[in-house]
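Here is a short briefing for a first look at this structure.

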Amino acid sequence: MDTAEALAALLRQLRRRAARRDGGAQLTYRQLSARTGWAHGVIGDYFAGKALPPTDRFDTLVQLLGATGRELRTLATARDRVEEARRSRTAVNGRTGPPGQDDAGPLPPVPRQLPPDIPGLPGRERELEALDVLRPGPRGGGPVVVALDGPGGVGKSALAVHAAHRLAERFPDGQLYADLRGSHRDERPVPPAVVLRRFLNALGAPRPYPGSAEDAAAAYRTLLTERRVLIVLDNASDAAQVRPLLPAAHGCAVLVTSLGVLATLNGAAHLHLTPLPPPASVAVLGLWAGPGRLTAEHGAAQVIARHCGHLPLALRIAGARLAARPRWPVRELADRLADPGRRLAELSFADLDMHAALAAGHRELQARGATGRAAALALPLLAAEQGEQWEQSEQGEGELTVARAAMTTGGALSATEVILEQLVDVQLLESRAPGRYRFHPLTRLFALTARRAAGTGC
């Protein structure tokens, strides 16, 4: 036995035997997912022979399926044999030695570059289901590419890293990760050539690396030809920064995060993140505040979640502040956040800052030339015009129309619509229907201070 398909046949046999022994139906992938916390799509890949479980997961799985002690040892040996055979095939197909030599050289390295995972992401179940498309594809096709976008603080990076960990077993040849710094304050976006050199090093490319970015991208694509690798590109500034980092191999997949929609990224599926549902917001707040901290003051916790606009970053900051002040009543923080004038200042702790996260869109505006600068100047006027009705109603009260915005800024209708659409592009405005716009509550508070921010270069 030296293939994942043969090992998967044994797993299916154990699953059927467990059902007969217990006198019921076979365990479903979703039931196994609930017991283990693994993505049910990945579990399906294990039983189909499309992915080889790592050793610890394989041991857990066969124990859940009722394997005996003797069977556990036999199955573990069989699993290791499959892994050895797969690595040998990879070494032969993706040769590391010079052409003409029979010896393919040492096995290629397997990079594991993902940042640490966050244990749980309440309220993101639908998005995690959508990301289940990230898997090696059939020969003859290209890689699967998914682009996540959303406003500052909505949790794009956390979701991308969590999903990548859940799906990592589908990509036994490794996971590459790069923070492209496209939305970081005081830092320029990382050039693709720099990332390519890092990736070539991680993949075991021989030195010296190609001098030009085009040659480096070609070498990168060549190394990935027969490999199954997941590539996470976090905080992209635009599609041009991402394109040289895309593989051509059918066995690879790419997950990109960005502030705006990377609409010109060929072949990408787009997933637009929005704030969390209110119950999930309280759950996230509780994860960071600590076990049992919110139990006695659930009402105050709900108020905090609402003042945080149900944004994961704001909730994380609020939870961290509660964790750092164990003697504070939860109501104390709720009262502090109730004042709109100080709310953003309160949502800052250690290296986490909600104002800084929202400022990324403002910096992008100022880099867009005259039109962007005009939109930045209009931002505080539009925020003052909308008022605070958004927080009280989801029925459209307080929304901005093009005509209403034009009256506020004194501009022509056509020019005003361009400004509004620019603000939507950088996630400082929402548009749920053509010609209708509104601010997220925290974005509106940021926008009211945007004139001062523009003067200080923030």
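Contact here means heavy atoms within 4.5 Å. The model is predicted.

**Nonpolar cores**
- In soluble globular proteins, nonpolar side chains tend to be buried together.
- The largest nonpolar core in this model has 98 residues.
- Leu-131, Ile-304, Met-354, Leu-423 and Leu-442 have the most contacts inside that core.
- A second, separate core has 32 residues, among them Ala-216, Ala-217, Ala-239 and Cys-252.

**His-440**
- His-440 sits in the loop between β10 (436-438) and α21 (441-448).
- The relative accessible area of His-440 is 6%. Buried means under 20%, so His-440 is buried.
- Not counting residues up to four places away in sequence, His-440 touches Pro-275, Cys-308, Gly-309, Leu-311 and Glu-430.

**Helices α11 and α12**
- Two packed helices are described by the angle between their axes and the distance between the axes.
- Helix α11 spans residues 278-289, and helix α12 spans residues 298-307.
- They pack at an angle of about 105 degrees, with their axes 9 Å apart.
- Angles of 65 to 115 degrees count as roughly perpendicular, so α11 and α12 are roughly perpendicular to each other.
- From α11, Ser-281, Val-282 and Leu-285 meet His-298, Ala-301, Gln-302, Ile-304 and Ala-305 of α12.
- By class, this contact has five nonpolar, three polar and no charged residues.

Key: Residues are numbered from 1 along each chain as its sequence is written. This is a predicted model: local features need pLDDT of at least 70, side-chain atom pairs count only at pLDDT 80 or more; totals for chains, interfaces and linings use all residues. Side-chain values use heavy atoms; hydrogens and water are left out. Helices (H or I, at least four residues) and strands (E, at least two) are DSSP runs, numbered from the N terminus. Buried means under 20% relative accessible area, exposed over 50%, partly exposed in between (1.4 Å probe, protein chains only). A nonpolar core is a set of buried Ala, Val, Leu, Ile, Met, Phe, Trp, Tyr and Cys residues joined through side-chain atoms within 4.5 Å. Axes are lines fitted to C-alpha atoms, for helices over the stretch in contact, and angles run from 0 to 180 degrees between N-to-C directions. Angles under 35 degrees count as roughly parallel, over 145 as roughly antiparallel, 65 to 115 as roughly perpendicular and the rest as oblique. Ala, Val, Leu, Ile, Met, Phe, Trp, Tyr, Cys and Pro count as nonpolar, Asp, Glu, Lys and Arg as charged, and the others, Gly among them, as polar.
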